[in-house]
Amino acid sequence: MRSIRSFKLWIGLALALASLLLALAGLANGSSQAAAAEADGPTILGPYVSEPVYPHVFNGDLRDLPQLEREEPLGPIPLRYTPGNAPKWSSLELAGWTDPIAQLTQGPGQMPDPIIDFAGLNFAANGSGWPPDTNGDVGPNHYVQTVNTSIGIYNKSTGAQLVAMTFDAFFTGPGGTPCDTSNDGDPVVLYDPLADRWIVTDFAWFNFNTGPFYECIAVSQGPNPVTDGWYFYAFRADTDTLPGYLNDYPKLGVWPDAWYMSANMFQIVAPGTGFAVRAWALDRASMLAGGPANDVHFDCLGAGCDSLLPSNLRGDLPPAGSPNYFAAVEQPDTLNLWEFHVDWGTPANSTFTGPTPLTIANFAQAQGVPQFGSGELLDSLSPRLMMQNQYRTVNGVESLWLNHTVASTGGIGGVRWYEVQDPGGAPALAQQGTYQPDEHHRWMGSIAADQDGNVAVGYSVSSSTMRPAIRYAGRQYGEAPGLLPQAEAVLIQGTGSQSGGFSRWGDYSAMTVDPVDDCTFWYTTEYYITTGNNWQTRIGAFRFPSCGQPKGWIEGTVRNSVTLEPIEGAIVVAESVSQTLSVQTDSSGYYTMTLLPNTFDVLATPLLPGYPVSSTVSVVTLAVGNTETADLFLDPVPYLVEDAVQLDDSGPNGNGNGYAEPGEQGILLWEGLLNAGALTATNVTANLVSLSSGLTIDTASAGYPDIAASEVMTNTTAFAFSVDETVICGDDLDFQKTVTSDEGSWTIDFTLNASIPLPTAEIFNNDVEGGAAGWTTGGTPNTWAITTEDWHSPTHSWTDSPGADYGNNVNNYVRTPAYNLAGQRGVRLSGWYKWELEPGYDFAYIEYSLNGGTTWNSTPLQVFNGIEDWTYVEVDASVLDNQSNVALRWRLDTDGSVIFDGIHIDDLVLTYEPYECTYVPQDMFFVYLPYIERE
């Protein structure tokens, strides 16, 4: 490999890290506006217009060019992480993380098997580094794949490789530019179905330290990428306000009025402190004709635009004049949309507007992915949306389909996906889900939709118990939202893992749809045959049998079989020998399915707790164009659970205060029962037994009225019990009740306390207005302090990092003095909190000590993570009951990257629940004997 690339490979990562340390300091080279943007949020600069770039024209057959072996690489091609998004390798706390929209099981359907799959490019023959950045696209007759830094062209019908050559061999010009002889990677290939042409890009430079930096763009002269010739453009990327900025992670999208492109721009030339994102519109019409590569571009500075993805058109055209939709994801819960409208007649009228923020479910950054047979953790590249941002219109509804990797439930990597509808009107998050059906990690996904609106997601799968594999899952149009009900299929199972000190995997993969039928999905990514560093790639295709075919419809209503009321939210599954589809009933119990003609069994699955048994209509025969009705009836059951308890101790052996106390006899008990099921419980009776010594059941049996669904009823005759005078005031009294009805039986345990509760009392009340009040700070670095920068009650609060974000690798705290809680029960800690903590990785804890702070219990009372404004939090601290040497502390613990504002705490109150017993048993009396004086 040439010396310049060798130098780049070895120093690139160090430069990237150095740049990131200062990335938020603002842009250099005369940009006070840029520096302000870094501090104040997104700022858009532009529009700018570059000088026209003319192509080098290649007329010929690529097979006539040298099919060069790749040059010997010397190391991984470095990834430059956007500010605050360095990789996460592991986090113990992620084991307790819960993804709020995780799909934890496979669906009832099954993805179709591959129609064809074949080997793509590999490192030994074609690669120049790690990762391969595998991607590809499909045309009428060919599949084109690109990796770092080679291109392969295949006969899509047979999988035969027609061309395999390096980018330096492929780009026969323009001469004198790095695109001719110094291509450096991050390739993208797209098929433009509107023009029946191909676009291939990567970045290039002669000197990584000084630039300039180029995007190399190749446009085919016709539909045949092998024989029709190419236009080769060397397009300088670091122009205008960003000279000396590397155009990293470039992404491309097809749109009717332009090809849209984005890149993360890292300042490489001194001082190396700048970061921005650039978005381009490229003059598609001119470049298709071999004319100049005109452009209009904008620069986005500040949060909200990192790693933007332009939308990529498939299927029907968007409405005339529609802008291209750029998207980026931002922790912990935001999807940002931007609109780029180019005006080629008057470029100054072009606009880049946004962001429009859409709130998504909270997500945490995924950790490094383990592999069986290798100690190398693989970079999940979690903070970035994965290509493509797919645009598709189905039944008149415009949608964007997006995905990225997250830490799903239990810290396992999962593929988070989104559908955004009406992006050009009132953008709305139509559905979202995280696919994590087992304990294996899934990451580096790509998503696409076919002409019917069926969706497929491809990804890599790995764990400590399996080697990396390539799989895909999906959903058919109309299926239950937020799920991939079509269980995953395997494209290929790897027989090796990546090793040798190479953590990079990806950085992206590609799921695309065949333009010929607009139904067949094509997917490519990497895997290993043998453990080591010789990555392989695979190309495969599959399609839903229903896509593009004449169909019929099955519809119906799911009802309660007894009341005939409709059931909302029931899952209905239709299954034939060739198709399984699941949908969800609406508020009126109605469902509809679009299906291939066949004979189906239609099943309404259990809906707990009221409907525990499924219902099936068998042999529904569906013909093309017909609508068949299959109404389903779920058999309801009651489900009884405990509700409120009421006591009457006003008898001769009680004091009538409504509480059970030691020595009271014949206490009457009424206990409500809630029917959480879906059918009336009839002929309800209950039997009560004691589970505590000193507790005697005097009347064990009682009856209840019939209990309708969602109703609460109380026993018609009272239970009765007595508490022995030997029971200690404050002891728990444990009961067990067996409830029976004509429909079933239930066992319910409940507890009362032998005491009279008194008003809550305070151990301390700290509004942080009186100074430290004996509280102390510590840890590394010791930065906790009282501040007036934010508060719940005026004008002070404790915070971990006054005046700034917290740092990396922080472990510090503020703590209370010791307290004696002997004889106190029902201890609770309440307070007001405001926190901004990196989701899944940076945490604040409330911890306790039972020896005055010498040691601290490993199980915290409360864990804070994510972002919340001032929130009241009350914690059950009964673990402190009756302890004589208690201390509390609030501790911040952060990892090695991504910093936020931290936590503020205010108005902290520690309380307990006093109690007493006042009853004096009636049989306790004194005998007074006469006084007799004796001589």
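1. The link of Cys 519 and Cys 547 is left-handed, with -80° about the S-S bond. Cys 519 lies in the loop between strands S32 (510-513) and S33 (521-527) and Cys 547 in the loop between strands S34 (536-542) and S35 (552-560), so the pair ties together parts 28 residues apart in sequence. Strands are DSSP runs of E of at least two residues, helices runs of H or I of at least four, numbered from the N terminus. Both Cys 519 and Cys 547 are buried, that is, under 20% relative accessible area, with exposed over 50% and partly exposed in between (1.4 Å probe, protein chains only).

2. This is a predicted model, in which local features need pLDDT of at least 70 and side-chain atom pairs pLDDT 80 or more, while totals for chains, interfaces and linings use all residues. Residues are numbered from 1 along each chain as its sequence is written, and side-chain values use heavy atoms, without hydrogens and water.

3. The protein chain holds six helices and 64 strands. Of its 935 residues, 58% are buried.

4. The disulfides (cysteine sulfur atoms within 2.5 Å) number four. Cys 179 and Cys 216 have sulfur atoms 2.0 Å apart. This pair joins helix H5 (residues 178-181) to strand S12 (residues 214-220), 37 residues apart.

5. The sulfur atoms of Cys 729 and Cys 917 lie 2.1 Å apart. The pair links parts 188 residues apart. Its torsion about the S-S bond is about 90°, so this disulfide is right-handed. Cys 729 counts as partly exposed at 24% relative accessibility, and Cys 917 likewise at 29%.
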